[in-house]
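This briefing covers selected local features of one protein model.

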Amino acid sequence: MNQFLRRHKAFFAVVTILFVAWSFSALTWQSAEARSFHSEEELLRLHELAATLPTDTNSIFAGSGKCGGCHGHDPQGIAFVTQSGEDVNIADDWAGTMMANSAKDPFWRAKVTHEILVNPAIADDIENTCTRCHAPAGRFEAELQGQLPYHLSDVESDSIAMDGVNCTVCHQIKDTLAGNNFNGNLFFTDRIAFGPYEDPVSAIMEFFVGWVPVYSEHITKSELCGGCHSLITHSHDFSGNPTGNSFFEQATYHEWKNSIYSALDSTCQGCHIPRITDTIDIATNYPFLDGRTPFGKHHLVGGNEFMIRLMKQNMIGVHATATSVNYDTSIARTARYLRHNTLDLNLQYVNRISDTAYYDVELTNKAGHKFPSGYPSRIAWVEFIVIDDQNDTIFWSGEYDGDGNVVNRDATWEPHRNVITSDDQVQIYEMVMGDVNDNPTTVLERADTVIKDNRIAPKGFMNAHASIDTMAIYGIGNDPDFNFSGVTEGTGGDIVHFHVPMNGYTGALRVRAKVWYHAVPRPWLDEMFAYNTPQIDSFRNFYNNADQAPSLVADAEIDDINLGGSLSHAQQELHFYPNPTSDGKIFVNGYQNFNVDLVRVFDLTGREVAEPVAGDQFNGVIILPERGVYLVVLETPQGAITRKVLWH
C-alpha cells in the first residue's frame, strides 16, 4: 500500500489541489447562508490556496506563472539567494506590486467607467487607451487579432490581461524607444525576451516555454518606462466636443529628463529595480548555470502604499493572484521607500519676537521626478505643529482627520503657500486640473488647463528645458524659494515660511513638521462617487472600509527655548539691510543697543561658513561667503537673535 501511495503521490496531489480549487469556487458562488459557515479568514485562506499566477499564453505574451516556474522561489534555497541568505526571486518580489496589479486595481477600473459615463461618445477610445498600460498583454493581443475595441469586460475574462504589467510585457518591448512611444504606444517582439545579461543560455528557455532570451541594453533604459509613464489626454467640453487641446495627465518620464539624474544616466530601473552586486543563480532547478551579476531586485516600488493595502484587504474582491505575504512585502517596501528615498526635510528656527515666532520648513526632493508624480490624484502636504510648555497646541497647520482629509483645506483647491500665518492655511503639493471654464475637475478627458502644479521639482529641473510644456510649474506666484536658491535654479526643493502668532505667550515651544502623502485622497473621488457602475460601487465599498491614513514621508522636531518678549522691543529696532543684498554685504543697524558677545553666520544645513566675530570687534558689517541664503546669529546675554539673509 505504501508503495502504491508513493507511486501515485503526484496524482493525489493534483486531485487535492483540484478539490480545493473546486471547493473554493463552489463557496464563492453559493448563497450568503452557505457562505456564513466560513469566516472571512477561512475564505481568504482557501482563495490563497487556489489562486496562482496564470500560466496561459496567447500569440504574443505569457502569464507570469509561465516565467515563475524558473524565476520564482526555489524550495532548495539555491537560486535567487544572496550571500546573506535573502530570497530575491523575481516572481514573489513582483507579485504584490502595483505593476503586477495594474489590471486588478479597483480605482483604475472604477475611473475608466466614470470617464465613459461622462464622455460616452469616446467610450471605445477611453478603454482602448487605458488598457494599453494597465492590461497590455490582453489589449495588444486583441489589436493583433483585429478585435478592437478592447473593453473592461474583455480584461476581466482574460487571465493574461488581468496579469497586469507582467514579465513578458516588459521584456518583449522592442528597442524602438525614440521618444514617440508615449501614451502606451508600445511595440513588441515575437516571443523574444530581452534581458540585461550578455550571452544568455537560450536553449533551455526556448525548449520549455518557447521564448528566446536575447541581450539588449535598452531593457535597462528609462525610455522603456516612458512609454506608459508619460500620458497625453485630449480635452473635451461639457457637451463631449473635442477642444483641440492636449493635456499631459502625467509626465514622469519627461520630469526625469528635466533633472540631473538624466544627465547622470541614473535611470528609472536604477531606483525601482535596485541592483546588487551579489552573484545570483537566476533559474530554479538549473544550478549548473553560471550566476549573474549585477542583479536587479524586481521590487518595482513606487509610492502607492494605500492602494496595495486596499487590495490586500480585498483579495477575493480584486481577484488577487498574489498572496498576502506578497502584498505585505510590497507594502513594507513602499512605506520604507517613501520614508527614506523620497524627501529630505529641514526644520529651522529663524527668529522670535513678542508676537510672532518664525520658522522655515525646507523640503528637498530626492526622487528623479516631481514629488508627487504620476496620476494627478496624488498629493503631499506639510503638517506643522507648535506646542507650548503646558503641552497645549497653539498652532496646527495641515492636520488630517480620521478619513485622511486635510483639515481646513479650501473647498475648491488650496493655493500654493510661500508664507503661512494662520493654521487655516496649509501647503499642499499637487496638480489641479482645470476644465474649459478653468474650474477644477477630476475628469481626465475634461482636463484642458493646469490651474496649479506646485509638485516639488527634481534636482536640476529647469524652466528652459525643451519639453517644459509637458511638466511646467503653475500657480506658485512670486515664491523665490521654489526650485531656486537666490538666482540659482534647479535646487529641487521649496521653503515654506511659518509665521506663528504668539498671542502674548513667551515661554518655550516644541515645534514639529511632517510631510504626508496620499495617493487617493477622498476629495478627489467626489465627482466619481456621484455616479454608479458596478466598478464604482465596488471601489466605493472598498474605499469606505479602508484605512484612510496617509503615508509619512519625512518629519523633524526642534525645541525652541528662545523666550519671546525679552528682546522684542529692541529686536524690532534691529535692522539688517539690504536684504537681499546684491554684493554680499549686509549692514546691521541698531546692534549697538545689545551686549553682543559673538556674531556667527550659518548656511541652511547648519554649517558655520564664516569665522565668528567677537562682539567688541563687530563693526556692523557682515560679509557673506558666496551667493545663497544664510542665518546670521547675534549671541547676547539675553539670548540669540537670528535673521535670515540672502545674497542673490
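Asparagine 285 sits in the loop between β5 (275–276) and β6 (295–296). In this predicted model, its phi is near 75°, a positive value in a residue other than glycine. Most residues other than glycine have a negative phi, and most peptide bonds are trans.

**Backbone geometry**

- Leucine 300 also has a positive phi, of about 45°, although it is not a glycine. Its place is the loop between β6 and α17 (305–313).
- A cis peptide bond runs from leucine 148 to proline 149, with omega near 5°. Proline 149 belongs to the loop between α9 (136–144) and α10 (152–156).
- The peptide bond from asparagine 579 to proline 580 is cis as well, and its omega is near 15°. Proline 580 lies in the loop between β21 and β22.

- β22 (residues 585–589) is joined to β25 by three bridges, and the two run antiparallel. Within this pair, isoleucine 586 has isoleucine 622 of β25 as its bridge partner.
- Strands of a sheet pair through backbone hydrogen bonds, either parallel or antiparallel.

**Hairpin**

- β26 and β27 form a hairpin with two residues between them.
- Nine bridges pair β26 (residues 628–636) with β27 (residues 639–647) in the antiparallel sense.

**Glutamate 414**

- Glutamate 414 is located in the loop between β10 (393–397) and β11 (419–420).
- Is glutamate 414 buried or exposed? Its relative accessible area is 0%, so glutamate 414 counts as buried, the cut-off being under 20%.
- The side chain of glutamate 414 makes a polar contact of 2.7 Å with the side chain of arginine 417.
- A polar atom of the glutamate 414 side chain also lies 2.8 Å from the backbone nitrogen of aspartate 410.
- Leaving aside residues up to four places away in sequence, glutamate 414 touches Asn408, Arg409, Asp424, Gln425, Val426, Ile428, Glu430 and Lys452.

Technical notes. Residues numbered from 1 in each chain as written. Predicted model: local features only at pLDDT ≥ 70, side-chain atom pairs only at ≥ 80, totals over all residues. Heavy atoms only, no water. Helix = DSSP H or I, 4+ residues; strand = E, 2+ residues; numbered from the N terminus. Buried < 20%, exposed > 50% of the residue type's maximum accessible area, 1.4 Å probe, protein only. Polar contact = N/O pair within 3.5 Å; in protein donor to acceptor, adjacent residues only side chain to side chain. Contact = heavy atoms within 4.5 Å. Pairing = 2+ DSSP bridges.
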